[in-house]
Amino acid sequence: MLKQFLSRLPRKALKGDSGGDSGSPRTTTPRSSSRTGPSGLGGTPRSNGGLSNANINSNNNHPGQAQQRPSGPKRMSSAVFPASVVAGIEPLVPFKDVSGSEKMNLFVSKVSLCCVTFDFTDPTKNSIEKDVKRQTLLELVEFVSSASMKFSEPAILATCRMCAINLFRVFPPNYRSNSGGGGGENEDDEPAFDPAWPHLQIVYELLLKFVTSSCLDAKVAKKYIDHAFILRLLELFDSDDPRERDCLKTILHRIYGKFMVHRPFIRKSINNIFYKFLFETERHNGIAELLEIFGSIISGFALPLKEEHRIFLWRVLIPLHKPKNLGSYFQQLSYCVTQFIEKEPKLASVVIKGLLKYWPITSSQKEVMFLGELEEILEAVKMVEFQKVMVPLFCRIASSINSSHFQVSERALFFWNNDHIVNLIAHNRQAILPIILPALEKNAHNHWNQAVLNLTLNVRKMFVEMDDQLFLSIHAQYMEEQARQSSEAKKRKEAWERLENAASLQPVTGNTAVLVTPRATKIAC
């Protein structure tokens, strides 16, 4: 069976090359790749499956190459070679020059040719071979885009193996040490771009076209795009190059859509990345992209929601509000949370309680983000769910209204510009006004920012228009409480003054503590 398959490789060049007859066309297809199972994709890509060095010199029968390099001992076949052995590669015939029945065999040969790897940190090194590989990759992208025949199993194996060899790599420590752990610590720093990106981009494009092709049989491909392949793909999300993460995001989303059997595993694996980020490192460059993938996944959840999905909301999405680099993925996180509430509005109270649990105390920037997300949630919340959390919620909003940071105070007061939220407040004004009014009165008399002062007076006016009798009643209670607190403060001050006077009259003996009065601490000039 293997000999029949290898014998079908194109021989068009043999007619015009008398010096190349000693070679065998079957060497253009690597035997090791046809015997390597799916688990080989997750191995060390640089070892290339342990091919013998004899295969290196077996490609002297390609068209037009014999006249250029008549005795080429360094010629490369389309097999997979260790990078340390590669001295050059030679192009294969174009797809247009072979018959339809031979195109899939040529595809395998070209894919195997692209398994050769190069060092892209030095642009002058192997420039000719790099260009040959680049042109071959572009041919493959075009072929996959316009493919009209089903991909054979050897073609699927060869493509997955080639992508694994070219893409899967471990980022060195210094690669990540300059990044801000997702953009939170060094948001102003320029991202580190991979010098091999022009090459990697074509490989990613080929993988995307291959996965989305209608000619790819998912039942066959799932043996090679397996759990090990997906895990290695997820590891690449820690790349510091945003262009690579964007390609990975699209490819993983397509894999999730096409391979239904892998969906639970993909969700579980992404969850593990989130758990490690939350509870161990707080450093990962791809959190935003992974959340964006989950945002589209959540929108496809069936109702009623499974317990697995509820746990994901409570144990992953809500705790993700805690890390200090929240700003690097806040937009995607907020979208995921909103999707859950749109799917099941009863979860709104759970989410609000979670936000109050992780509410930032020392970061004004994060507090502004939390207030913005709260407004989005309240726009979708129902009356029953709102009433469950309105007291602790507006206690927190009242605290934000009194913030000395004008952006926090301003953002909290913007809640009253939302008609739906104003309607919720109006229906529950008996419970909310006693909480909010003290904060409004304090702002009206003491806040330093004029814009905040104007907003405070507008909100105060809205409460008067809602229910003037209730407002007057609560305001009178507030004034009585202020008078009582003022009276108690005056009494405490007088009590301390009496204690100070009594202590100052006591004689100083031995180790007795001495009261230092404010008058005694003054330094005469």
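Hi everyone, let's start with Arg315, which sits in helix α13, residues 307-317. Keep in mind that this is a predicted model. Arg315 touches Tyr275 and Leu278, leaving aside residues up to four places away in sequence. Phe274 is 41 residues from Arg315 in sequence, and their C-alpha atoms are 9.8 Å apart in space.

Now to the core. Which residues have the most contacts inside the largest nonpolar core? They are Phe151, Leu317 and Trp416, in a core of 133 residues. Helix α5, residues 153-167, gives the most to this core, with ten residues. As general background, nonpolar side chains in soluble globular proteins tend to be buried together.

Let's look at Trp416 on its own. Not counting residues up to four places away in sequence, Trp416 touches Phe394, Ile397 and Ile401, then Val422, Ile425 and Ile436, and finally Val459, Met462 and Phe463.

Next, helix α18, residues 406-413, whose buried residues are Val408, Ser409, Arg411, Ala412 and Leu413. What do they pack against? Four helices: α16 (364-380), α17 (383-401), α20 (429-446) and α21 (450-466).

Let me finish with α16 and its contact with helix α19, residues 419-427. The two axes come within 9 Å and cross at roughly 70°. Angles of 65 to 115 degrees count as roughly perpendicular, so that is how α16 and α19 lie to each other. On the α16 side we have Glu375, Leu378 and Glu379, and they meet His420, Ile421 and Leu424 of α19. By class, that contact has three nonpolar, one polar and two charged residues.

Thanks, everyone!

Note on methods. Residues numbered from 1 in each chain as written. Predicted model: local features only at pLDDT ≥ 70, side-chain atom pairs only at ≥ 80, totals over all residues. Heavy atoms only, no water. Buried < 20%, exposed > 50% of the residue type's maximum accessible area, 1.4 Å probe, protein only. Helix = DSSP H or I, 4+ residues; strand = E, 2+ residues; numbered from the N terminus. Contact = heavy atoms within 4.5 Å. Core = buried A, V, L, I, M, F, W, Y, C linked by side-chain atoms within 4.5 Å. Axes fitted to C-alpha atoms, helices over the stretch in contact; angles between N-to-C directions. Parallel < 35°, antiparallel > 145°, perpendicular 65-115°, else oblique. Nonpolar A, V, L, I, M, F, W, Y, C, P; charged D, E, K, R; others polar.
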